[in-house]
Amino acid sequence: MAQSLKFEKEFVQTSERVKSVDLHPTKPWILAALHSGNVCVWDYQLQKIEKSFKVTESVPVRSAKFIERENWIVVGADDGLIRIYNYDTLEMIKQIEAHTDFIRNLAVHPTLPYVLSASDDKLIKLWDWEKGWICSKVFEGHEHYVMQVAFNPNDLSTFASASLDGTLKIWNVDSGSLDFTLEAHPKGINCVQYFTCGDKPFLISGSDDHTAKIWDYETKGCVQTLEGHTHNVTAISAHPELPIISTCSEDGTVRVWDKTSYRLENTLEHGLERVWSVAYMKDSSKFVFGCDKGTIVVKIN
C-alpha cells in the first residue's frame, strides 16, 4: 500500500541541535526547542524565522508545544522549570518549578486544560492551567527517567509513558492510578505513541535497543519488532491519514514502514546527523523532523 509513496524534501532550516518539533494546527509554523536554550518558530511556507527567543542561559530546552486555544507556547527545560509564553507578544505568562531534574517531554491534552510533564526525577505531573497551573496529579512508578508521555486519542482519560526502565505504563488521568505496565524492551525506551489501524488500537515504542515495537493495545502483546536502525530509536510517528509509520534514530536516518504489513518502505537520510524528533501535519502529507543540524520538512506524494 505504501510502495508508491515518494518522499520530497520541501524545506530545510539549519540551526543548533533540535530536541523537539511541534506544528501549529492552523498557521504554517514549526516550533523547535533547541539544545542551546532557545525556542524558534519557523514559517515553512515563507521559509523564514517567524520568532525566536532565549528560554534559558545555560541549559537545553527539550520540549516545546503550542497551546493554540490560548495562543501559548509551553516549554520544559533542563532546569526543571515549565515556562508559558504568549506566542504573539513573546511575554512570559507563567513560570513553574515543576521538577527536580530535567524535563524530557510535555504533552497537551486535546480538549481539557491539561499539560503532562515527564522528567528525569522519574515523575509525571499533570498541570491544570484553568486552576492557575496547579499540579493536580503526580504519577509515580517508573524506576528511571521518564522520556515521553502521550495521551490516548481513543480514550482521553488515559495516557502512556515511556521510561529508561524499559517499561511502558498506561495511566488513568482521572483517578491517577496505573492501569497496566508492559515490560517492553531490554533497554531504555525513548518514545511512545498511540495509533489505530482499521479500528484496532496499537502502541508503538522506540528504544535504545535500536528497535521499535508494535503492541496490540487490547491483548497487550507485541505484534511486530521493527529492526534495522543501527543506533537508539529516538522518536516515532504513525500518520493518522497515511498508511505509514516513521521511526527516527541517532543513526541519522528516518525509516518509513507500512502501517499494515510493517514492511520497510524507505530509508531517509538528509545529512543533518542524529534525528531527535518528529511531528506530522494534520490533514496533510508532510512530516517535520528535528535533527542535530536543523529541521527538515518532507512531503510524501
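In this predicted model, in which local features need pLDDT of at least 70, side-chain atom pairs count only at pLDDT 80 or more and totals for chains, interfaces and linings use all residues, the side chain of serine 161 makes a polar contact of 2.8 Å with the side chain of tryptophan 171, a polar contact being a pair of N or O atoms within 3.5 Å in which, within protein, one must be able to donate a hydrogen and the other to accept it, with residues adjacent in sequence counting only if both atoms are side-chain atoms. Residues are numbered from 1 along each chain as its sequence is written, and side-chain values use heavy atoms, with hydrogens and water left out.

- Serine 161 lies in strand 15 (residues 158–163), where helices (H or I, at least four residues) and strands (E, at least two) are DSSP runs numbered from the N terminus.
- Serine 161 counts as buried because its relative accessibility is 0%, the classes being buried under 20% relative accessible area, exposed over 50% and partly exposed in between (1.4 Å probe, protein chains only).
- The side chain of serine 161 also has a polar contact of 2.7 Å with that of histidine 142, and the residues that serine 161 touches, not counting those up to four places away in sequence, include Ile124, Val146, Thr167 and Val192, contact meaning heavy atoms within 4.5 Å.
- Histidine 229 sits in the loop between strand 21 (222–226) and strand 22 (233–238), and it counts as buried because its relative accessibility is 7%.
- Two side-chain polar contacts involve histidine 229, one of 2.7 Å to threonine 247 and one of 3.0 Å to aspartate 251.
- Setting aside residues up to four places away in sequence, histidine 229 touches, among others, His210, Cys248, Thr253 and Arg255.

**Arginine 274**

- Arginine 274 is found in the loop between strand 25 (264–269) and strand 26 (275–280), and its relative accessible area of 26% makes it partly exposed.
- The side chain of arginine 274 is joined to that of aspartate 292 by a polar contact of 2.7 Å, and aspartate 292 is also one of the residues in the contact list of arginine 274, which includes Arg17, Ser249, Glu250 and Gly290 and does not count residues up to four places away in sequence.
- Between the C-alpha atoms of arginine 274 and asparagine 232, which are 42 residues apart along the chain, the separation is 9.8 Å.

**Cavities**

- The model has two cavities of 30 Å³ or more, a cavity being a set of points on a 1 Å grid over the protein atoms alone where a 1.4 Å probe fits but cannot get out, with lining residues having an atom within 4 Å of a point.
- The largest cavity has a volume of about 50 Å³, where grid points are joined across faces, edges and corners and a volume is the space filled by probe spheres set on the points.
- Among the residues lining the largest cavity are Val254, Leu268, Glu273 and Phe289, and strand 25 and strand 27 (286–291) each supply at least two residues of this lining.
- The lining of the largest cavity divides into seven nonpolar, three polar and two charged residues, with Ala, Val, Leu, Ile, Met, Phe, Trp, Tyr, Cys and Pro counted as nonpolar, Asp, Glu, Lys and Arg as charged, and the others, Gly among them, as polar.
- The second largest cavity holds about 30 Å³ of space, and its lining, which includes Phe7, Val254, Leu268 and Phe289, divides into eight nonpolar, one polar and no charged residues.
- Strand 24 (253–258), strand 27 and strand 28 (294–300) each give at least two residues to the lining of the second largest cavity.

**Backbone angles**

- Most residues other than glycine have a negative phi.
- Lysine 220, in the loop between strand 20 (212–216) and strand 21, has a positive phi near 65°, and its relative accessible area of 36% makes it partly exposed.
- Glutamate 273, in the loop between strand 25 and strand 26, has a positive phi near 65° and is partly exposed, with a relative accessible area of 43%.

Notes. On a 1 Å grid over the protein atoms alone, a cavity is a set of points where a 1.4 Å probe fits but cannot get out, and a pocket is an open set with protein on both sides within 12 Å along at least five of seven lines; lining residues have an atom within 4 Å of a point.
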